[in-house]
Amino acid sequence: MKARTKLHHRVVELAAKLPAPSNEQRVWAFENCLKHIGYRTKKNIISCLSCGHVFKGMQILPTWDCPCCARKLTIEDTRKKKHQQRKIMAFIGVQGEFQVNRYFELNCYQRAGEAPSFSVYEITQQWMTEDGKVTVFGRQRNWTYYHDTFTGGMEIRNWDPRTGKYDILPYKVYPKIKVLPIFKRNGFKRSFYKLTPYEMFFSILRDNRSETLLKANQPDLLNMRVGNQRGRVDRHWDSIKIAIRNGYKVKDAATWLDHLDLLQRFGKDLRNPKYVCSINLALDHRRMIKKREREDRRLALERKKKQIEQEQMEYVRNKGVFFDLVLSAGDITVRVLTSVKEFIEEADRFHHCVYANSYYKKPNSLIFSARVKGRPVETVEVDLGALKVIQSRGVHNRASAYNQQIVNLVNSNIHQIRKRLRKLEQTA
Ligand SMILES: [Zn+2]
């Protein structure tokens with residue numbers, strides 16, 4: 001994009017004056033941003049990929065100091081020869097009236113037995129004014145799931161913080177940092193914690209609460225604030241203030257905020273340092289989670305109980321007219337189930353679905369318990385439309401030895417059911 005505005009022209013003019021990375025910066029990048037690796041063969045021959053030296057290892061160890069360059073090498077047992085590393089680092093500086101965050105891509109091609117080829121390639125500059133306005137001067141970012149490359153010349157690029165396209169998280173920041181006085185005033189010291197430079201600068205510029213968290217040395221809460229937990233930080237701001245006042249550092253903000261949510265649920269005083277400044281957060285939090293689980297179970301049981309009560313009322317209304325029906329012959333007694341609880345007991349006893357499939361709700365179904373000498377043996381279903389037994393089942397839906405007798409007993413008493421059905425129709 002061509003420079004159009006006055007601001008663009010000013011940025012382009014100042015960008016031309018920025019120095020290329022110095023030798024010192026390049027060396028720092030090579031030493032600190034790349035992994036120093038030794039490839040080890042089966043014969044314990046180690047190739048230092050950082051200097052090209054090849055030597056024999058005396059023992060099999062996970063790390064070795066290279067006898068040539070003295071770097072501590074992480075050893076990889078491999079037959080590979082080549083290795084490639086790509087990292088992004090940032091320089092944080094000031095140019096004219098701007099905060100300038102410069103991003104560099106480091107590329108290193110390494111091959112066992114050879115000196116590495118290392119390049120430092122500038123990809124993006126964020127030019128930030130004191131009022132938080134950002135101008136991006138850099139290369140085109142080609143950003144997909146598979147690729148992330150920067151191509152084309154250094155130009156003014158579209159900046160949209162919502163897409164995060166030019167908001168880059170560097171692997172490391174060069175330690176000599178310069179910032180505009182306003183950022184120092186708002187609490188910036190040296191560290192970006194887990195934030196991108198833009199996120200850090202913008203949030204402490206525009207958001208009082210971020211500024212407060214940074215100044216109070218609460219980086220984990222600051223991460224939550226700038227990340228997608230802004231609302232939760234707001235919701236618990238009073239507790240956060242109490243933590244700060246009591247010198248309590250929140251190390252694991254996600255757990256801590258969760259914990260506050262739970263404390264709130266159980267009506268604890270979120271302004272009481274006893275709760276807010278938990279000495280053993282992990283333990284306290286586990287306790288609260290247990291408590292919540294117990295509470296959830298209790299509530300679920302209560303809901304279930306209420307539901308059964310409701311269903312019981314309905315069941316009595318629909319089938320109560322049959323409740324006095326008791327049929328017996330010899331040792332066998334067959335009587336109508338009179339409560340939902342009995343459906344549950346019957347289902348538990350025989351492992352069938354009379355309760356799970358809510359037979360007590362079926363308008364055309366009348367369920368009996370058949371017992372021999374008082375011992376339950378089968379559950380019987382009569383279809384109130386067809387007026388006959390349609391199933392009679394014992395354990396695991398199988399018929400008992402008394403099945404035929406039970407079915408005969410019920411079928412021979414269908415008139416008693418019919419009589420009650422008529423009564424029901426008359427009252428309806
Ligand atoms: Zn070496």
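1. A word on what you are looking at. This is a predicted model, in which local features need pLDDT of at least 70 and side-chain atom pairs count only at pLDDT 80 or more, while totals for chains, interfaces and linings use all residues. Residues are numbered from 1 along each chain as its sequence is written, and side-chain values use heavy atoms, with hydrogens and water left out.

2. Now the overall build. The chain has 14 helices and 16 strands; helices (H or I, at least four residues) and strands (E, at least two) are DSSP runs, numbered from the N terminus. Its radius of gyration is 38 Å, well over the 22 Å that the globule rule gives for 428 residues, so the chain is more spread out than a compact globule. Here the radius is taken over C-alpha atoms, and the rule is 2.2 Å times the number of residues to the power 0.38. Along its principal axes, the C-alpha trace spans about 105 × 60 × 50 Å.

3. Val94 sits in strand β6 (residues 82-95) and is partly exposed, with a relative accessible area of 28%. From Val94 to Ile242 there are 148 residues in sequence and 36 Å in space, C-alpha to C-alpha. Val372 belongs to strand β14 (residues 365-372) and is buried, at 6% relative accessible area. Between the C-alpha atoms of Val372 and Ser328, which are 44 residues apart along the chain, the separation is 9.7 Å.

4. On to charges. Side chains of opposite charge can pair when their charged atoms come close. A salt bridge is counted when a side-chain nitrogen of Lys or Arg is within 4 Å of a carboxyl oxygen of Asp or Glu, and the total by this rule is 33 salt bridges.

5. Which parts of the chain does the pair of Asp77 and Arg40 link? Asp77 is in strand β5 (residues 72-77) and Arg40 in strand β1, so the pair, 37 residues apart, links distant parts of the chain. Their side chains meet in a salt bridge at 2.7 Å, N to O. Asp77 counts as exposed, at 57% relative accessibility, whereas Arg40 counts as buried at 4%.

6. Two further bridges are worth a look. Lys215 and Glu211 form one with an N to O distance of 2.8 Å; both residues lie in helix α5 (residues 208-215), four residues apart, about one turn of the helix. Lys215 is partly exposed at 45% relative accessibility, and Glu211 is buried at 17%. Asp160 and Arg162 form another, at 3.2 Å, N to O. Of these two, Asp160 is partly exposed with 26% relative accessibility, and Arg162 is exposed with 76%.

7. Salt bridges can also be followed through a group of residues. Asp207, Arg209, Arg225, Arg230 and Asp234 are linked in a network of them.

8. For a positive surface patch, look at Arg286, Lys290, Lys291, Arg294 and Arg297, which form one. Patches are made of residues with over 30% relative accessible area and no salt bridge, with like charges joined within 9 Å and nonpolar side chains (Val, Leu, Ile, Met, Phe, Trp, Tyr) within 5 Å. Lys and Arg count as positive and Asp and Glu as negative, with His and the chain ends not counted. Lys291, one of the patch members, is found in helix α11 (residues 281-319) and counts as partly exposed, at 30% relative accessibility.

9. Finally, the backbone. Where in the chain is Asn44? Asn44 is in the loop between β1 (37-40) and β2 (45-48). Its phi is near 65°, a positive value in a residue other than glycine, and at 9% relative accessibility Asn44 counts as buried. Tyr193, in the loop between α3 (181-185) and α4 (197-206), has a phi near 50°, again a positive value in a residue other than glycine. Tyr193 counts as partly exposed, at 38% relative accessibility.

Notes. Accessible areas come from the Shrake-Rupley method with a 1.4 Å probe; for residues, only the protein chains shown count as cover. The place of a charge is taken as NZ of Lys, CZ of Arg, CG of Asp or CD of Glu. Buried means under 20% relative accessible area, exposed over 50%, partly exposed in between (1.4 Å probe, protein chains only).
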